[in-house]
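Hi there,

Here is the structure I promised to pass on to you. Have a look at it first, and then read my notes below.

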Amino acid sequence: MSLFLKKPLAAFEEDMKKSEMKRVLGKWSLTAIGIGAIIGGGIFVLTGTGAYFHAGPALALSFVIAGIACVFAALCYSEFASMIPVEGSAYAYAYGTIGELFAWVIGWGLILEYAMGSMTVAVSWSGYFNKLLHLFNLHLPDYLTQDPGSYQGSGFSMNLPATVIVLLITALLVKGTKEAAKANNFIVILKVAAVLFVILAGAFYVNIDNWTPFVPEVAQVSNNGEVHDAYGWAGVISGAAAIFFAYVGFDAVSTQAGEAINPKKDVPFAIIMSLLVCTVLYILVSLVLTGMMNYSDFNPAGKYPDAIKAPVAAAFDLAGMPWAVFIITVAATVGLISVMMVMLLGQSRIFMGMSKDGLIPKFFSDLHVKNKTPYKSNILIGAIVALVAGFTPISTLADMTSFGTLFAFTMVCIAVWMLRVKEPNLQRNFKVPALPLIAVLGIGINIFLMSKLNLHAIQLSGAWLVLGVVIYFVYSKQNSKLRKAANA
């Protein structure tokens, strides 16, 4: 039977009716989930690496390019979300339009996106948590805060704070979506307030000389022993690819459709609104940060070696505002929790969608009797993410996350275009304007950015996708509920 067997759209409607999950999320809670995921990695973590290793002051342009790429994908996601409002995100959209094999590959790519994203942010959170402890003159030993690849000493080492925070968030997610959403809403308010503070307070300490030249001359920089070209317009583009991970949040909104009160209207609204708000904030913060602190000072081998781990706090520290450092460090430490929360939440919902279709074991869709959460899936994902985050360096994780994100975005742009051609009369509560043009631009820019990622990360991500295809033919194809029904 064809590898491109499609799940009828009517079956998705039936899944919605039979779902036991609690519909507790309105459009603003969904928007907060998007903002909660987006704001964090890009502002509090990747601004330092993006400025030093890629674009210099032109990092703001990298955010513009990445934001434009996201707009194309966000519009396509929104059209799908208005038609197929179930958990599973791009996986479910592909299953209803392109077919099972494509859906599996996308789902496997989303696993890469969310799992690696959670791990990346956990490592970043650990950096801010340690900085917060230092403000109170408390210090954890290096062997408990560094992965084996970063540790300079001998013997055992691990990033213990990264492991512990993932386990604590997992426990909250097992308790229930409503509780997690309430915690997320509070954190988002705190985080947005902190970002606005950075923009407004930092603007008074901007030295415009730090923006000159805005696009630095091409030069070579060393990253973990690997030397590569940086800066120039090529650096701006590679910077967009490197910080693309920071935009994963609006995608996470679509994974929550199964718990949205009015998913066909509220999910498209939340996707677009969260993306627009965060893109503007990203651009402003990157301009302020590179104005306060010269991009060359983020060199991890330079005179401020810790600046790249907590760039915003470092900039205010150098500006002579220790009280501001305290505010930013607290906000970043708390704020990054919501990013991990949303990513771990999204990961379990994608697994749930795939499990309901029989492509992975039923274990992943078993719901807690009282809390109605996929608790077994939450616990397994949390344990794996916690373990890897404790022993892996951040740079590889971030680029693999970007690959998974860009891959999923490309597939969604293809799928929405195909469905518009094949099923033009389907009800669409939201329609992408100028679809052929938007889809082509989305596909082109996402593939281009994918090609600009770190080669090692591309190779690892490619190996992950190959492994996924093998698993599909060994297990998923034989256990597909849709395929079994068709053969009956």
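**Two helices side by side**

In this predicted model, helix H6 (residues 100–135) and helix H13 (residues 322–356) have axes that come within 8 Å and cross at roughly 160°. Angles over 145 degrees count as roughly antiparallel, so H6 is roughly antiparallel to H13. The crossing of H6 and H13 is left-handed. What kinds of residues make up the contact of H6 with H13? By class, there are 26 nonpolar residues, eight polar ones and one charged one.

**A serine in H13**

Stay with helix H13 for a moment and find Ser338, which lies in it. Is Ser338 buried or exposed? Its relative accessibility is 0%, so Ser338 counts as buried. The side chain of Ser338 reaches the backbone oxygen of Gly335 at 2.9 Å. If you set aside the neighbours within four places in sequence, Ser338 is in contact with Gly36, Asn184, Ile187 and Lys191.

**An aspartate in a strand**

Now move to strand E2 (residues 226–230), where you will find Asp229. With a relative accessibility of 52%, Asp229 counts as exposed, because the cut-off for exposed is over 50%. Which residues does Asp229 touch, not counting those up to four places away in sequence? They are Val218, Ala219 and Gln220. Take Ala219 as one of them: Asp229 and Ala219 are ten residues apart in sequence, and their C-alpha atoms are 5.6 Å apart in space.

Happy exploring!

Key. Residues are numbered from 1 along each chain as its sequence is written. This is a predicted model: local features need pLDDT of at least 70, side-chain atom pairs count only at pLDDT 80 or more; totals for chains, interfaces and linings use all residues. Side-chain values use heavy atoms; hydrogens and water are left out. Axes are lines fitted to C-alpha atoms, for helices over the stretch in contact, and angles run from 0 to 180 degrees between N-to-C directions. Helices (H or I, at least four residues) and strands (E, at least two) are DSSP runs, numbered from the N terminus. Angles under 35 degrees count as roughly parallel, over 145 as roughly antiparallel, 65 to 115 as roughly perpendicular and the rest as oblique. A crossing is left-handed if the near helix is turned anticlockwise from the far one by less than a right angle, and right-handed if clockwise. Ala, Val, Leu, Ile, Met, Phe, Trp, Tyr, Cys and Pro count as nonpolar, Asp, Glu, Lys and Arg as charged, and the others, Gly among them, as polar. Buried means under 20% relative accessible area, exposed over 50%, partly exposed in between (1.4 Å probe, protein chains only). Contact means heavy atoms within 4.5 Å. A polar contact is a pair of N or O atoms within 3.5 Å; within protein, one must be able to donate a hydrogen and the other to accept it, and residues adjacent in sequence count only if both atoms are side-chain atoms.
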